Each structure stands twice: as structure tokens, then as C-alpha cells.
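Trainee: I would like to learn how to read a structure. Could you take me through some features, one by one?

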Amino acid sequence: MVKVFVLGVTGFIGNPVAKAFARAGHEVYGLTRNTAKVTELARDEIIGVIGDVRKPETWTQIASQASVIVDASVDYQDGPAYSTSIVDNVTKIAKQTGRKITFIFTSGIWLYGHRPHEITEESDIFDVPETLGWRASLEKVVAHSADFKGVVLRPACVYGKSGSLFGSWFSQATHGKVNIFGNENTRWAVVHADDLAEAYVAAAENIAHTRGEIIAISNTNTESVTEIVRAALRVLSHPHGTITYSAPSNWFETALSFSSRPSNRKSITLLGFQQRHSGVVDGIDVYVKSWKAYQ
């Protein structure tokens, strides 16, 4: 049992990750800006810390007492500066304490770009969108750090619970019409939020083997975006609803149009990763109900 500090503890990835560490018996702290969230976190045996990632003075003292720091936070407005600041502060903590802290950095498979016809491994990064190129460079900083024990996880598109990216389709499907960026052939690599969370725990607990690694986390099979949307329309009482396809107009929409087939070999061999939850289409009834409950 060790102390774990989670940045982004109330987020779509960070919350299941914190809960998974708590279930594994660790003492878990999580940063939140919302005082009301502290009580919610306490219900899951997570100790809430009031602060702001952008204000390191509010969290670095607590983080310096942890053996494991997990960054599951995100900033879509100023990602490079935001994430670089976190890595710099973790480096500073490690140097000041003299302890080899385990640091898990959350990246993503959008770095693979649009590569629908071949299996992609962690070292295969080509045609990285300009707006995401900084992330590949920061991954190397984390993986190669001599100050802390770093590991980078690249989650596929995460489903379950409140829906995340899938929630937009579910919301549109309630009105019988869904727009997809890309085309009818778009396929996503996916992973359930709770299966992903277990991978974070495994990465920390097996740091002797995972240190310095960059590991993609995904189900073995990709899923058709069109089939997911059709299934959602059916569940939401619009079996004959309309699906439209449009060209992306910004980097985020471009990323949503990507198809990729990431290998999960490293996640299986290094983390013992297992897909325990049904895929999106097979479990759509449950996932839509869960999304509704969060609204």
C-alpha cells in the first residue's frame, strides 16, 4: 500500500483510475477545484485536495508525499503549456525529495493519426497532427526521465459511465439524427473506463517492468462508428433515425475522424490487460442507460 496522488480525479478517466487504486488498497488523494466534490470522493475512500493544476502551490506539497503521481487531467485550450508544467513540477518534486516517484502520464492514440489498414505499435508514429505533435515529444521526456520512474499510457477512445466522446452521439440520437465526422468506414479503437483504470494500477504496481515504456490500452477489436450510432438510435427509440457524415473543420473533429488499429500486445504482456466489459455495440443498452443516469 502506497500513497497515490491523482490529477484530474473527477474526470472521465481520472475518477475510475482513483477508484481502482483505492480498491487495490492504496491511500488515494485527488485534486479538485470543487469543494462539493470532496464529499463525493470520500464516499469512494478517496481524499479530496482542494486546488488547481495550474497553481502548483496548491498541490505540490501533498504530491511530494506520494509514491505514485498520476496525471489524468486535460486542457484542450492550452495543452502544451499545461502538460509541460505538470511534468516540470513532478520533476521538481522528485529532485527536491530525492525520491524516485512513479509518474504515470496520460497520452492517447490520436498520435497514430489516420491509419485504418494496418496494426500500429507504440513506436509507429506517422503523420501526427501538428496540434498533437507536442504530446509525442513530452511522452519521451516522461519515459526517459532520470529523476522519476515514468510510464506513458495511451488510452483508446474510452466508453462507459457518463459517455465521454460517445455522449455526444447519444445526445444527438435522442433527437433521431446524428452527425459523424469522417465517413461510413470510420472505425475507432476503444476501451471501457474501468478496464482502462485497472491498467493504470498495473502500470504502477509493476513499475520495475513498465518504467520507460509507452503503452497503448485498447480492446483487441476496433468498432464501426456507424454501427455504434445505429445501435444508439435503436436504443433511444429512433431505429430509422438519420446519420449524416461531414468533413472535419478543426483539429478535434479531425481526430474524431481517425481510424486506427493499435496493437495491445504490450498492455497484455506488461500489464496483464484484459477486456472485461462488453464492446460498445454489444453493451449499448447498458451504456446508454448509464449515460442517461449521469445527465
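Predicted model: local features only at pLDDT ≥ 70, side-chain atom pairs only at ≥ 80, totals over all residues.

Mentor: Start with a helix pair.

Trainee: At roughly what angle do the axes of helix 4 and helix 5 cross?

Mentor: Helix 4 covers residues 79–97 and helix 5 covers residues 133–143. Their axes come within 10 Å and cross at roughly 5 degrees. Angles under 35 degrees count as roughly parallel, so helix 4 and helix 5 are roughly parallel to each other.

Trainee: Which residues of helix 4 and helix 5 meet?

Mentor: From helix 4 come Gly79, Pro80, Ser83, Thr84 and Val87. From helix 5 come Trp134, Leu138, Val141 and Val142. The residues of this contact divide into six nonpolar, three polar and no charged.

Trainee: Next, the rings. How is a pair of aromatic rings described?

Mentor: By the distance of the centres and the angle of the planes. Here the count comes to twelve aromatic pairs. Take Tyr159 and Tyr287. Their centres are 5.2 Å apart, with 70 degrees between the planes. Planes over 60 degrees apart count as edge-to-face, so this pair of Tyr159 and Tyr287 is edge-to-face.

Trainee: Where in the chain do Tyr159 and Tyr287 lie?

Mentor: Tyr159 lies in strand 8 (residues 157–159), and Tyr287 lies in helix 12 (residues 284–294). The pair therefore ties together parts that are 128 residues apart in sequence.

Trainee: Are Tyr159 and Tyr287 buried or exposed?

Mentor: Both Tyr159 and Tyr287 are buried. Now compare another pair, Phe170 with Trp291. Here the values are 5.8 Å centre to centre and 70 degrees between the planes, again edge-to-face. Phe170 sits in helix 6 (residues 165–173) and Trp291 in helix 12. Phe170 and Trp291 are buried.

Trainee: Which residues form one aromatic cluster?

Mentor: Tyr159, Phe166, Trp169, Trp188 and Tyr287 do.

Trainee: How do I judge burial for Cys157?

Mentor: Look at relative accessibility. Under 20% means buried. Cys157 has 6%, so Cys157 counts as buried. Its place is in strand 8.

Trainee: What does Cys157 touch, leaving out residues up to four places away in sequence?

Mentor: Cys157 touches Ile109, Trp110, Leu165, Phe166, Trp188, Ala189, Val190 and Val191. Of these, Phe166 and Trp188 belong to the aromatic cluster. Cys157 and Ser218 are 61 residues apart in sequence, yet 8.1 Å apart in space, C-alpha to C-alpha.

Trainee: What about a charged residue such as Arg115? Is Arg115 buried or exposed?

Mentor: Arg115 counts as buried, because its relative accessibility is 12%. Arg115 lies in strand 6 (residues 115–120). Its side chain reaches the backbone oxygen of Asp124 at 3.3 Å.

Trainee: Last, the backbone. What is phi of Lys161 near?

Mentor: Phi of Lys161 is near 55 degrees, a positive value in a residue other than glycine. Lys161 lies in the loop between strand 8 and helix 6. At 28% relative accessibility, Lys161 counts as partly exposed.

Trainee: And where does Ser164 lie?

Mentor: Ser164 is also in the loop between strand 8 and helix 6. Phi of Ser164 is near 50 degrees, and this too is a positive value in a residue other than glycine. Ser164 has a relative accessible area of 38%, so Ser164 is partly exposed.

Note on methods. Residues numbered from 1 in each chain as written. Heavy atoms only, no water. Axes fitted to C-alpha atoms, helices over the stretch in contact; angles between N-to-C directions. Helix = DSSP H or I, 4+ residues; strand = E, 2+ residues; numbered from the N terminus. Parallel < 35°, antiparallel > 145°, perpendicular 65-115°, else oblique. Contact = heavy atoms within 4.5 Å. Nonpolar A, V, L, I, M, F, W, Y, C, P; charged D, E, K, R; others polar. Phe/Tyr/Trp six-rings, centres within 6.5 Å; stacked < 30°, edge-to-face > 60°. Buried < 20%, exposed > 50% of the residue type's maximum accessible area, 1.4 Å probe, protein only. Polar contact = N/O pair within 3.5 Å; in protein donor to acceptor, adjacent residues only side chain to side chain.
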